[in-house]
Amino acid sequence: MRLRMLTIHDAVKDYVAVMESEERLRTVFVPSGTWPVGLTLEQNIADLGWHQTEFRMRTSFAYTVVSLDEAEVLGCLYIYPTSVAGFDAKITMWVREGQVEHGLDDHLFQTVCHWIEEAWPFENPAYPGRTISFEEWRAMNQDA
C-alpha cells in the first residue's frame with residue numbers, strides 16, 4: 001500500500017471503495033452513523049476537493065491508501081486538529097470492505113501509529129473507535 005494526499009483525481013476510485021464498504025463505513029467513524037448512505041459521485045468530488053484544499057492549507061490532512069500500482073483505492077486516513085483537552089490530533093482511518101479480511105485494517109492502523117509517533121509533532125493523538133471508545137470521545141467532545 002501507499003499513502004498519499006487525497007485529491008479530486010481520486011474521486012471515482014474512492015467512490016467505488018466507499019460504496020463497496022458502505023455498510024461498514026456507517027460504523028467506522030460514529031456508531032450507528034449514516035455516512036455514506038445516499039452519497040453521490042458529485043458529492044464525493046466536492047468532499048475530496050475540500051479535503052485537498054484543507055491539506056494544502058495545512059489545516060487537516062486526508063490521505064488516500066492506494067495499491068502500489070495506484071489501480072485501486074484501499075482506504076483513507078484523516079488527521080484533524082481537535083479541541084478535546086489532553087489530545088492534539090484526531091486520527092481516523094478506514095479500509096475497503098474487501099481488504100479487511102486480508103488484515104489491511106490492522107496493518108494500516110499499526111503503520112499509521114508508528115508513522116505518527118516517529119514523524120509527526122503530536123504529543124497525544126486520539127484514535128476514536130480504536131484506542132478510545134466513541135462513547136468516551138463523545139463525552140469529552142460534544143462536537144465529535
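**Reasoning through a pocket, a core and a sheet**

Tutor: In the largest pocket, at least two lining residues come from each of α1, α2 (22-28), α3, β3, β4 and α6 (134-140). Keep in mind that this is a predicted model.

Student: Which element gives the most to that lining?

Tutor: That is α3, with 5 residues. The lining counts 25 residues, and F29, W35, H51, Y78 and Y80 are those nearest the centre of the pocket. Its volume comes to about 460 Å³.

Student: What makes R58 count as exposed?

Tutor: Its relative accessibility is 64%, and the word exposed applies over 50%. R58 is therefore above the cut-off and counts as exposed. You will find R58 in the loop between α3 and β2, with a positive phi of about 65 degrees even though it is not a glycine.

Student: And why is E70 called partly exposed?

Tutor: E70 has a relative accessible area of 23%.

Student: What makes β1 and β5 edge strands?

Tutor: The open sheet has 5 strands in the order β1-β2-β3-β4-β5, with mixed pairing. β1 (2-5) and β5 (125-126) each have a single partner strand, so one side of each has no neighbour in the sheet.

Student: Which helices pack against this sheet?

Tutor: Helix α1 (residues 11-20) lies across β3 and β4, at about 95 degrees to β3. Helix α3 (residues 41-57) touches β1, β2 and β3, and makes about 120 degrees with the direction of β2.

Student: Which residues touch the most other members of the largest nonpolar core?

Tutor: Among its 19 residues, these are I79, I91, M93 and V112. The largest share, 5 residues, comes from α5. A separate core has 14 residues, including L48, A62, Y78 and W94.

Student: What is M93 in contact with, leaving aside neighbours within four places in sequence?

Tutor: The partners of M93 are V28, F29, C76, L77, L108, F109, V112, Y127 and R130. For each of them, heavy atoms come within 4.5 Å, so the word contact applies.

How values were computed
Residues numbered from 1 in each chain as written. Predicted model: local features only at pLDDT ≥ 70, side-chain atom pairs only at ≥ 80, totals over all residues. Heavy atoms only, no water. Core = buried A, V, L, I, M, F, W, Y, C linked by side-chain atoms within 4.5 Å. Buried < 20%, exposed > 50% of the residue type's maximum accessible area, 1.4 Å probe, protein only. Helix = DSSP H or I, 4+ residues; strand = E, 2+ residues; numbered from the N terminus. Pairing = 2+ DSSP bridges. Axes fitted to C-alpha atoms, helices over the stretch in contact; angles between N-to-C directions. 1 Å grid on protein atoms, 1.4 Å probe; cavity = no way out; pocket = protein on both sides within 12 Å on 5 of 7 lines; lining within 4 Å. Points joined across faces, edges and corners; volume = space filled by probe spheres on them.
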